[in-house]
Amino acid sequence: MLNSFFSENVVGGGDSVDGDGDGGDGIGGAIGLGQFQPSAGDPPALPPSVKITSTIFVSNSASGGQGGAAGVGGVGAGGALGAVSGNATVQLSSFTRNRALGGEAGTGGDAKGGAIYNSGASVSLARSIIFSNMARGGEGEDTDGTGFGGGIFNDFENPDSSLEVDRLTRFFTKLNRADVGDNYFGV
């Protein structure tokens, strides 16, 4: 992907259909890497791979679905890029005003990675800008959800997660907001 522009794309998890159910997860507002699994009987899918160069991501969002009063809101992860398998190489790109939002419910859903979410993929970031993104947990009647990693969330507990961030990108990762780890979580 070269010289592309992603703006105002939205992905949302499904809402609960009953009063006790949980909301579904919404992952990857503009790009969701590795989210589709083959059906039974289909040949196994190869891990997805994407190279993103000179691309702008602005005002994209991933939202968790609304849960019931006795349920949990869905997780919103990766307002611009959500990676759960495969490889993503990002260079000379910018991520601005993207959002990950947890779903509302009895217990609010968490939000992970306002711009970038990685749980199970290999992600490499070079010479890029991650500025003014947000991860906000969903409101809950009993307990609110938590926003992790306003700029980048890396699931360090998943042994398949690998994240490399060069020095220049670290320098230009600024003014992101979250409850835990304004700019980074798990990096």
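**Aromatic pairs and the core**

Phenylalanine 171 is partly exposed, at 49% relative accessibility. Partly exposed falls between buried, under 20% relative accessible area, and exposed, over 50% (1.4 Å probe, protein chains only).

A word on the source. This is a predicted model, where local features need pLDDT of at least 70, side-chain atom pairs count only at pLDDT 80 or more, and totals for chains, interfaces and linings use all residues. Residues are numbered from 1 along each chain as its sequence is written, and side-chain values use heavy atoms, leaving out hydrogens and water.

Back to phenylalanine 171. Lysine 174 lies over its face, 4.4 Å from the ring centre. The rule: NZ of Lys or CZ of Arg within 6 Å of the ring centre and within 35 degrees of the ring normal. Arginine 170 lies over the face of tyrosine 184, at 5.9 Å.

Now the rings. The whole structure holds eight aromatic pairs. Rings of Phe, Tyr and Trp (its six-membered ring) pair if their centres lie within 6.5 Å; planes under 30 degrees apart are stacked, over 60 edge-to-face, the rest tilted. Phenylalanine 153 and phenylalanine 185 are stacked, 5.2 Å centre to centre, with 5° between the planes. Phenylalanine 153 is in strand E21 and phenylalanine 185 in strand E25, so the pair ties together parts 32 residues apart in sequence. Strands are DSSP runs of at least two residues, numbered from the N terminus.

Which of these two is buried? Phenylalanine 153, at 5%. Phenylalanine 185 is partly exposed, at 21%.

Last, one cluster. Tyr117, Phe148, Phe153, Phe156 and Phe185 form it together.

Methods
Helix = DSSP H or I, 4+ residues; strand = E, 2+ residues; numbered from the N terminus.
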